[in-house]
Amino acid sequence: MKKANACRLMAWALVVAMPLWFGSCKKGGDDTVTPTTSSVEGSWKISGYKIDPGVDFLGTGQKSTDLLAYFKSLPNGAGNDLVDCLTGTTIIFNSGGKVTGTPGAKCSASTDINPVEDNSTWKLDGTKLTLTSGADVTTYDTAISGNVLKLSGKEQEDFDGDGKDETYTVTLELTKI
């Protein structure tokens with residue numbers, strides 16, 4: 001049951017991460033500030049991937065809130081290429097609302113994922129960042145602190161196997177490069 005949940009989590013993480021790869025940004029400083037279009041524009045790398053509340057993915061009694069660390073802890077290095085793909089990808093939020101980028105080296109080698117699809121766009125409205133890729137439209141709460149942009153959204157999943165979906169906040173952290 002726990003192995004099935006881990007596989008579902010990896011598949012879910014890829015689906016959730018795809019639109020998140022399209023962008024975000026932060027400016028320098030330790031205080032959280034309201035994002036602006038100019039603060040989001042630029043090149044970014046994924047530096048963190050969090051879930052709250054934490055989940056005991058491996059059934060060990062230890063709850064994890066750090067999804068990148070969880071992926072790296074999978075047996076036989078099963079998640080290492082995924083982490084390298086995520087953290088190696090460059091996402092560029094261009095002026096005019098277009099998203100471009102370069103997939104990390106491990107994306108094509110192990111995951112066969114292109115995190116930045118052609119003709120993707122972004123738009124910031126207050127603290128809401130909307131990413132559009134074809135028919136997929138996803139909106140995230142955004143916060144900027146220093147050079148880190150956080151994109152957060154609510155997700156529902158039955159990670160504990162009790163037959164009921166629980167609500168989690170998933171946050172992708174991007175660091176400006």
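This is a short walk through the structure above, from the overall fold to one residue.

Keep in mind as you look around that the model is predicted. To get your bearings, trace the chain and pick out its 5 helices and 10 strands. The protein has 177 residues, and 43% of them are buried.

How does the chain meet itself? Take the contacts between residues at least 6 apart in sequence: 57% of these join residues that are at least 24 apart.

Now let us step inside. In soluble globular proteins, nonpolar side chains tend to be buried together. Here, the largest nonpolar core has 31 residues. Good places to start are Ile51, Phe71, Phe93, Trp122, Leu129 and Leu174, the residues with the most contacts inside this core. Strand 2, which covers residues 42–55, gives the most to the core, contributing 5 residues.

You will find Thr171 in strand 10, which runs over residues 166–176. Is Thr171 buried or exposed? Its relative accessibility is 13%, and the cut-off for buried is under 20%, so Thr171 counts as buried. Leaving aside residues up to four places away in sequence, Thr171 touches Gly48, Tyr49 and Lys50, as well as Lys150, Leu151 and Ser152. With Ser152 there is also a polar contact, made between the two side chains at 2.8 Å.

Definitions and conventions
Residues are numbered from 1 along each chain as its sequence is written. This is a predicted model: local features need pLDDT of at least 70, side-chain atom pairs count only at pLDDT 80 or more; totals for chains, interfaces and linings use all residues. Side-chain values use heavy atoms; hydrogens and water are left out. Helices (H or I, at least four residues) and strands (E, at least two) are DSSP runs, numbered from the N terminus. Buried means under 20% relative accessible area, exposed over 50%, partly exposed in between (1.4 Å probe, protein chains only). Contact means heavy atoms within 4.5 Å. A nonpolar core is a set of buried Ala, Val, Leu, Ile, Met, Phe, Trp, Tyr and Cys residues joined through side-chain atoms within 4.5 Å. A polar contact is a pair of N or O atoms within 3.5 Å; within protein, one must be able to donate a hydrogen and the other to accept it, and residues adjacent in sequence count only if both atoms are side-chain atoms.
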